[in-house]
Structure formats: structure tokens, C-alpha cells
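Welcome! Try each task before reading its solution.

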Amino acid sequence: MADPADEQSSREPSAGESPGRPRPGRAVKGTGAAAKRAAVVRQTVARKASAGKPSAGKPSARSEPTPQAERTPQAGPAPQSRPGPPTSAVRRPALPVAAERRPLPQPPHGAIFVPDAKVALSTASVYPENTAAAFEIAGRLGYDGVEVMVWTDPISQDIEALRRLSDYHGVPILAVHAPCLLITQRVWGTDPWTKLLRARAAAEKLGASAVVVHPPFRWQRQYARDFVQGVWRMAEETDVRFAVENMYPWRYRDREVAAYAPDWDPTTEDYRHFTVDLSHVATSRTDALAMVDRMGDRLAHVHLADGSGSAKDEHLIPGRGTQPCAELLERLARSGFDGHVVLEVNTRRSPGPVEREAELAEALAFTRLHLATAARIGSTRH
């Protein structure tokens, strides 16, 4: 039968793509309605960002990109041995990160308080353009940073090249997505623990605070058997958060295949940190907010995208599907969420670069609007 993972791998860039070189900021070219629409969307983003800025004396919603020379990455040589499960029981706190998250102070009636959560662009969101283009677009549109999807693009695997792109465009790297897809089975070797070690080393050297990792495929039997304890061990060796992402069952017609182990739903296991992906929730046909409730204070990372409940992993622009994207953002803001909200959307069917950039501007505007509006709604309820 057809491979149910085709949609997931198809939204990743194809092998052999030229990485490109860092380029100075360029004007977006286009003619006719498309160019006008893109200009309007960008103006909308600017207006919303301006409207959401706090007045003097209030904390800023966004920080300026930190020059690389001022960062203090937790660099160090990557361990040479496979982590595997710990040799003794791992100490696991009853509430692993509850102390880190506190409700936001309530602003005056009618005021807007923008939370500290940063909004980032996944480099996968610009496909079929490459990693270098993602930094340029993120900087031009005003994203707070990027999440690097490590895949077949050589630049995505090259720490020094990523550092140069970050410095050149003034766009911090906030997270690293380990190469866990079917298309990346040979990226950074074939051993899954080596991939996680290299992802952790990249995050530490680049100043990223999170590594996103998928549950193992079911056929990776030994890796799956040791996965929960092994991830705990790696998490205790670094300040980088290993955030395990929810996936979905593969479907073909009326058949359902359990492709991930221990489970596609990470909340059935004891992980220190989670990533919730709303497109994956839609594909699994589960309740997004109920899953977020199960994750609780261990939710450290969000992949924001929409979906309609199709068997395909759609990664729609937020607001174009059936998922509670706006409600989730409002919940995050009211709870004082301090992780990252990453736009991981599919723009591969955009007619061209102008339209793609307009879609990414729309996604950013949606996210900033609902993160800011949430505090205002909360303040009128108290």
C-alpha cells in the first residue's frame, strides 16, 4: 500500500537541494494583486506589533536579537558513548518544571500584556526554499528567531554555517529539531542516539534552549525500548530541554497503523518535557486542549499549525483549519508560558516567494494577535 508517511516527508525539502549562501536583505519582488496583498499583510504585521508594544516602564514583548559575541552558549565536546538508558533509576520530580511557570501579573483593566514566549519560524516552513532563505525571511518579517529543522540541506547540519546565518540576519536560533523523519534516516549517521547527541551539541553551541525529538519508529526496537529512560538521562546532562513531540497513527483507507513506539501520544509515558504539534493532533483526531492539559507544566514547546482532521499531516496556516489555535495561544499567555511558539507550516503549494512570504506574515500576525489578546481577555475576567 502507499506509504502513509508520504505527506510528512513531502513537506520536507528534497535531497540534493543547494544550500545557498547568506544574502543581504532583498526587496520582495512581484507584480499585480499578489504583490499588493503581500504588502498589505506586512503592513498589518507592523501595525499589530506596534499596537502590542507595552508602554514605557513595562516589560518588552520581544527582545532584540542578541549578537553572537554576547551569547554564552553551553559549548562542550559531545559525549562519545551512546546514552542508552541510565544504569540506575533516574530521580524524577513529581512536578518536573512546575516551579518555572507562574501566572502572569494582571495588567490594569483593558491593558494588553504580551507574555515572554517567543515566536519562531521553523526552517521547514519555507520549503522548497532552503535553510538560508528561512533566516532571511524570519528576519525581514520580524520573527523572534528560528527553529532549525535538521534535514538533507547541508547548511542545516553545519553548526558554523548556521552561526554565520544567525549573526548575519540578526535572528537567534531558539531550537533544534533532531533529524527524526523518514527522509533524514541517514542524516548525522544512522544511529538514533548519535543523532540526539549531535542535536544536543548543536543546541548548546548555538545558544538554543530546546531540542525537539519524535518518538521512535516501531521498527527501531532497541531504541524504542530504551527511549524513555535514555531521554531522561540526556535531559539531566544539559540545560537544553529535550521536548518529545506528539505524532499520529498512519492511516490508509479504513486501516490504521501504529508506526511509533512506545506510543505516538507521548503523554502515555513519563517524559520531562513535551512538544505539542496541532497539525499532528488534527491528524490523530484527538482533542488538542485535552492533550495540552495532560502535558501540564511539562509543555515546553509548541509547533503551531492547523489541520482539518485529514489522514494527511497538513500543517495549515493557523486559522485555516479546525484546531483551537487561538484558544491555545490565549491559554499559554494566561498561564505565563515561557517556552517557544514555532510556526511549522506547509507553504510548498504557494505560487511563488511573494505569496509564501505573505502566508508566513499572516501566520505571525495571527500568533502575535492571540498571544497579546489573551492577557487583555484575562484582565477583564478578574
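**Exercise 1.** In this predicted model, find which residues are linked by ring pairs into a cluster.

*Solution.* Ring pairs join five names here: Trp193, Tyr223, Phe227, Tyr271 and Phe274 form a cluster.

**Exercise 2.** Decide whether the pair of Phe217 and Trp219 is stacked or edge-to-face, and whether each residue is buried or exposed, fully or partly.

*Solution.* Start with the geometry: the ring centres of Phe217 and Trp219 are 4.7 Å apart, with 5 degrees between the planes. Planes under 30 degrees apart count as stacked, so this pair is stacked. Next, look at accessibility. Phe217 has a relative accessible area of 4%, so Phe217 is buried. Trp219, at 44%, is partly exposed.

**Exercise 3.** Work out how Phe227 and Tyr271 are arranged, and which parts of the chain their pair ties together.

*Solution.* The centres of Phe227 and Tyr271 lie 5.9 Å apart and their planes make 70 degrees, an edge-to-face pair. Now place each residue: Phe227 sits in helix H7 (residues 221-236), while Tyr271 is in the loop between strand E7 (255-257) and strand E8 (273-277). The pair therefore ties together parts that are 44 residues apart in sequence. Finally, both Phe227 and Tyr271 are buried.

**Exercise 4.** Locate Thr367 and list what it is in contact with, leaving aside neighbours within four places in sequence.

*Solution.* Thr367 belongs to helix H11 (residues 353-381). With a relative accessible area of 0%, Thr367 is buried. Its contacts beyond those neighbours are Val119, Leu304, Leu329, Val341 and Leu343.

Technical notes
Residues numbered from 1 in each chain as written. Predicted model: local features only at pLDDT ≥ 70, side-chain atom pairs only at ≥ 80, totals over all residues. Heavy atoms only, no water. Phe/Tyr/Trp six-rings, centres within 6.5 Å; stacked < 30°, edge-to-face > 60°. Buried < 20%, exposed > 50% of the residue type's maximum accessible area, 1.4 Å probe, protein only. Helix = DSSP H or I, 4+ residues; strand = E, 2+ residues; numbered from the N terminus. Contact = heavy atoms within 4.5 Å.
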